[in-house]
Amino acid sequence: MTLQELSIIFFFGFLVFVGIVAYFSSKQKASGVSADVEYYLGGHSTPTVVLAFSYVTSSISAACFMGDPGIMSTVGWPYYWVVIAIVPGLIIPAVLLMPKMRQQAEKLGSLTIPEYLGQRYNSTALRLIIAGVISVFYIFPLVAQFKGAAVLLESFTGISFNMGLAIITVVIIFYVIVGGLRSVAWTDFVQGLPMLVISIVLLVVSLNAVGGFSGLEEKLSQIDPNMLKVVQDEAPDTQMSLSGVLGNFVFWCVIFISQPYLCSRFLAIPNVKRKTIGTFLITALILSVVYNSFYIAGLTGRVLFPDVKADYLTVTMAINLLPTAVAAFMMIGIFAAMMSTATSVLLVIGQAVGRDFYSKTINKNASPEKEVLVTRIAIVVVAFICFAFNYVDPPEFLSVVLYLGLSGIGSCIGIPLFAAIVSKKSTKEGAIVSSIVGPIAYIIFNYVVGFNFWFAGLMAIVVAAICMVVISVFINKKNRALISNVAEAK
């Protein structure tokens, strides 16, 4: 049986299997909770290990299995700083944020990140700003996932790019609207298993093909000695110079962890007991270490297939290095990575529209059922927008498009979110200005000044943090003076 035939069988078999998981998980509703709590947070009853899988696999996207190894194949070892930063970036902020965020959100009755921040700062404006930024900027990573999945199907199954887009759009819509977060989390769990296998298999096979790490180093030095550097030289077009490395750590620890499609899992955990938090973090740590080791495949791929386009490199490696059945299985793993991110991001956009815009602003008397209906409609509309973008003009580089969206949202939410949890003195005025200035600063530093997107993210966070601190201090002093004057007048 040919690779195309096996891939088609595996692909549609996988879709049916995950569809069954999504359907039955949606039937396991928690008792005594409203429709919106069930749909947005899985009724606070999704198993902790499943949520941890969903947390990590949602962060592992088309970029990790196609885009980032592709960039690493051109940059070399300096790009491995991404992996060095991403593992602590996923775990350390979660330790600081998860328990307090879960407790505060439950006390406030918050179901979404925009709602949580709006209630924490007592600001409708902040909630709407963040919901608006989510609705716009998350289109970019969604477009990247749709393109990556369509490219994958075309490479393995022979299904045309546009036909693949159509199939992917329908499948993603089904998974998300069927059962909300619970359905997304369980499908992420099921999809995470083949992702785990292919992360190990292809890396081991490709390393063996190039003669291990010593053979890899020798061959890379012949291609380009700069690929063996610790960091790149400073230049306008480099991503991993010293400034890029510094910005990289800020990106993963602040910008990335503040993504609503990830930290919404913090709101959904069953409780904040030490055992629950520990189970979540240990599971996430093990998974993130294994998954992100796959970046090295970009280097082995550069040696083995130097003429292949960056975004197609890992696909080409699987087809040429693995037995037919294993290659087809790897296709499922990469497709699962894209699906897990796309479904999570799409759900968050739908929540922003259905809850933060509709039921909390436009129709405050809307029932939970009506709110969920609007959320589902928004999910369908956004999915077709992503389909249209790729149908007309798909982006060239997956990772660049992905990080553009994540950086825009992270620079908006990062500082207000961290300040909301760690400081009682942060004010709504500081949070509002910070959420507006952050994305603007990122765009200026990246596109006007010309910093690489890692360092641009660092500078945007610094500017947003300064705005938060200065304005909060000013407002607090003003309020103390006002209280003092009132007391004196009495």
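Tutor: Let's begin with a definition: helices (H or I, at least four residues) and strands (E, at least two) are DSSP runs, numbered from the N terminus. This is a predicted model, in which local features need pLDDT of at least 70, side-chain atom pairs count only at pLDDT 80 or more, and totals for chains, interfaces and linings use all residues. Residues are numbered from 1 along each chain as its sequence is written, and side-chain values use heavy atoms, with hydrogens and water left out.

Student: How many helices and strands are there in the protein chain?

Tutor: Counting the DSSP runs settles this one. The protein chain has zero strands, while its helices number 20.

Student: Thanks! What radius of gyration does the protein chain have?

Tutor: The radius is taken over C-alpha atoms, and the globule rule is 2.2 Å times the number of residues to the power 0.38. For 490 residues, a compact globule would be near 23 Å, and the protein chain agrees with that, at 23 Å.

Student: What percentage of the residues of the protein chain count as buried?

Tutor: The cut-offs come first: buried is under 20% relative accessible area, exposed is over 50%, and partly exposed lies in between (1.4 Å probe, protein chains only). Of the 490 residues, the buried share is 59%.

Student: And what share of the contacts with a separation of 6 or more joins residues 24 or more positions apart?

Tutor: A contact here means heavy atoms within 4.5 Å. Among the contacts in the protein chain with a separation of 6 or more, residues 24 or more positions apart account for 83%.

Student: How many charged residues does the contact of helix 14 with helix 15 have?

Tutor: Helix 14 brings A297, G298, T300, G301, R302 and L304 to the contact, and helix 15 brings L313, M317 and L321. Ala, Val, Leu, Ile, Met, Phe, Trp, Tyr, Cys and Pro count as nonpolar, Asp, Glu, Lys and Arg as charged, and the others, Gly among them, as polar. By these classes, the contact of helix 14 with helix 15 has five nonpolar residues and three polar ones, and the number of charged residues is one.

Student: How many of the residues of helix 14 are buried?

Tutor: The buried residues of helix 14 are A297, G298, L299, T300, G301 and V303. Helix 14 is therefore largely enclosed by the rest of the structure, and the count out of eight is six.

Student: Which residues does S73 touch, not counting residues up to four places away in sequence?

Tutor: S73 sits in helix 4 (residues 62-75). With a relative accessible area of 4%, S73 is buried. Leaving out residues up to four places away in sequence, the residues S73 touches are M227, G298, R302, A310 and L313.

Student: Does helix 8 pass helix 15 in a left-handed or right-handed crossing?

Tutor: A crossing is left-handed if the near helix is turned anticlockwise from the far one by less than a right angle, and right-handed if clockwise. The axes of helix 8 (residues 139-157) and helix 15 come within 11 Å and cross at roughly 25 degrees. The crossing of helix 8 with helix 15 is right-handed.

Student: How many polar residues are in the contact of helix 3 with helix 13?

Tutor: Helix 3 (residues 48-59) packs against helix 13 (residues 274-292) at about 35 degrees, with axes 8 Å apart. Their contact includes F53 of helix 3 and F280 of helix 13. The contact of helix 3 with helix 13 holds ten nonpolar and no charged residues, and its polar count is six.

Student: How far apart are the C-alpha atoms of F249 and I84?

Tutor: F249 lies in helix 11 (residues 242-256) and is partly exposed, at 29% relative accessible area. F249 touches W81, I84 and A85, not counting residues up to four places away in sequence. Although F249 and I84 are 165 residues apart along the chain, their C-alpha atoms are separated by 8.6 Å.

Student: Last one: what phi does N122 have?

Tutor: N122 is in the loop between helix 6 (113-120) and helix 7 (124-137), and is exposed at 64%. N122 is not a glycine, yet its phi is positive, at about 55 degrees.

Methods:
Axes are lines fitted to C-alpha atoms, for helices over the stretch in contact, and angles run from 0 to 180 degrees between N-to-C directions.
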